[in-house]
Amino acid sequence: NPDILRKAIFGVEAPAIDYDRSALASRPPVMCAGCPHRGFFVELRKRQDAVISSDIGCYALSGNPPLNAKDFAFCMGGGFSVAHGAQKVVDRFGGKERLVGVMGDSTFFHSGMTSLLECAYNKSRTILCVLDNRITGMTGHQQNPGTGFDLTGSAAEAVDVETVARALGVKSVRTINPLRLEDVKEALDWAYAATEPLGSGPAVIVTRWPCVLKRYSEADLEEFGPLDQVCKVDEALCIGCKACVRVGCPAVVFKVEEKKSSIDRSQCAGCEVCAQVCPKGAISREGR
């Protein structure tokens, strides 16, 4: 941001209100409990050769601890095109890094389709991911062309991301549930293989699951079901390894004295990402 650049280039700090920094909790902003983007980044961050070009949206928070996934973001709509340019440079100089471009559904419809077209047209071997949370999440839950409603709330024709990607010339496209970590892993394996040869063109992964704060429509309830369950920890099985804590969900709390994890039922949405990373099967779901 401008303040960081000013300090780095000119050695000048912008004026700010003086306050006691020790009085503030030291924690980065994180995705909401139950955010559908979390499972995707839990798997993607395991790819040591992946360089993640993000866009502007909730998923940009994936660059913060404990996920530490996103590498950079420049501007709205740039998640794909910057990944394409970076992959061309990596390939030209014999690098092994794989560029993964990430943007949300509303960003895709706003300014990402042209970037995807350029990637397809130029046979970019990037892995491009549209994180479709069925709404414009970060800026206030406005409708977008993919939601099935216009800005007045009236019914509108819903545009399908996968269909658009194929129409723009992408041959390798698939849609997955980002809350199922095995599905995410398998999709990433598939995308890596599909884009391995130079000139193979991009692979597109669409993750489709609603924002946890979204007011579900009838279509959402029919497709995804209600949010009527929460997760719980069996302390007899919990070994205090903190694997569940490292997914960065605000609902997962580590009790230091007991050396056990617990889950805040008031925040939990029952997404089960924490349960899938637990090595002891100590986390399960139950009704609210």
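So, to start, how many disulfides does the structure hold? Zero, with a disulfide taken as a pair of cysteine sulfur atoms within 2.5 Å. Cys241, for instance, is in no disulfide, and its nearest cysteine sulfur belongs to Cys278, 6.0 Å away. Cys271 is in no disulfide either, with the sulfur of Cys249 nearest at 5.9 Å. As for cover, Cys271 is buried at 13% relative accessible area, while Cys241 is partly exposed at 32%. On those words: buried is under 20% relative accessible area, exposed is over 50%, and partly exposed sits in between, using a 1.4 Å probe and protein chains only.

Quick housekeeping. This is a predicted model, where local features need pLDDT of at least 70 and side-chain atom pairs count only at pLDDT 80 or more, while totals for chains, interfaces and linings use all residues. Residues are numbered from 1 along each chain as its sequence is written, and side-chain values use heavy atoms, with hydrogens and water left out.

Okay, the overall picture. We have eight helices and ten strands in the chain; these are DSSP runs numbered from the N terminus, H or I over at least four residues for helices and E over at least two for strands. The radius of gyration is 20 Å, close to the 19 Å from the globule rule for 288 residues, so the chain is as compact as a globular protein of that length. That radius is taken over C-alpha atoms, and the rule is 2.2 Å times the number of residues to the power 0.38. Along its principal axes, the C-alpha trace spans about 55 × 55 × 45 Å. Of the 288 residues, 44% are buried. If you take contacts (heavy atoms within 4.5 Å) with a separation of 6 or more, 66% of them are between residues 24 or more positions apart.

The areas come from the Shrake-Rupley method with a 1.4 Å probe, and for residues only the protein chains shown count as cover.

Now let's go in. Which elements do the buried residues of α2 pack against? They pack against β1 (50-54), β3 (98-104), β4 (127-132), α6 (181-194), β6 (203-208) and α8 (273-277). Helix α2 itself runs over residues 37-44, and eight of its eight residues are buried. Among them are His37, Arg38 and Glu43, as well as Phe40 and Phe41.

Next, helix α3, residues 78-92. Gly78 is in that helix and is buried at 4% relative accessibility. Leaving aside neighbours within four places in sequence, Gly78 contacts Ser53, Asp55 and Ala83. Ser81 is also in α3, but at 33% relative accessibility that residue counts as partly exposed.

Side chains of opposite charge can pair when their charged atoms come close. A search of the whole structure finds 18 salt bridges, meaning a side-chain nitrogen of Lys or Arg within 4 Å of a carboxyl oxygen of Asp or Glu. One of them pairs Arg125 with Asp91, closest N and O atoms 3.0 Å apart. This pair links distant parts of the chain: Arg125 is in the loop between α4 (105-121) and β4, Asp91 is in helix α3, and they are 34 residues apart. Arg125 is buried at 9%, whereas Asp91 is partly exposed at 21%.

Then there's Asp132 with Arg134, closest N and O atoms 3.0 Å apart. Asp132 is buried at 3%, and Arg134 is buried at 8%.

Over in helix α6, Asp189 and Lys185 sit four residues apart, about one turn of the helix. Salt bridges that share partners, meanwhile, join Asp132, Arg134, Arg208 and Glu223 into one network. Asp189 is partly exposed at 36%, and Lys185 is partly exposed at 34%.

Last stop, the surface again. Which residues make the nonpolar surface patch of about 440 Å²? Leu5, Ile9, Phe10 and Val12. Patches are made of residues with over 30% relative accessible area and no salt bridge, with like charges joined within 9 Å and nonpolar side chains (Val, Leu, Ile, Met, Phe, Trp, Tyr) within 5 Å. Leu5 lies in helix α1, residues 2-10, and counts as exposed at 52%.

That's my tour; over to you.
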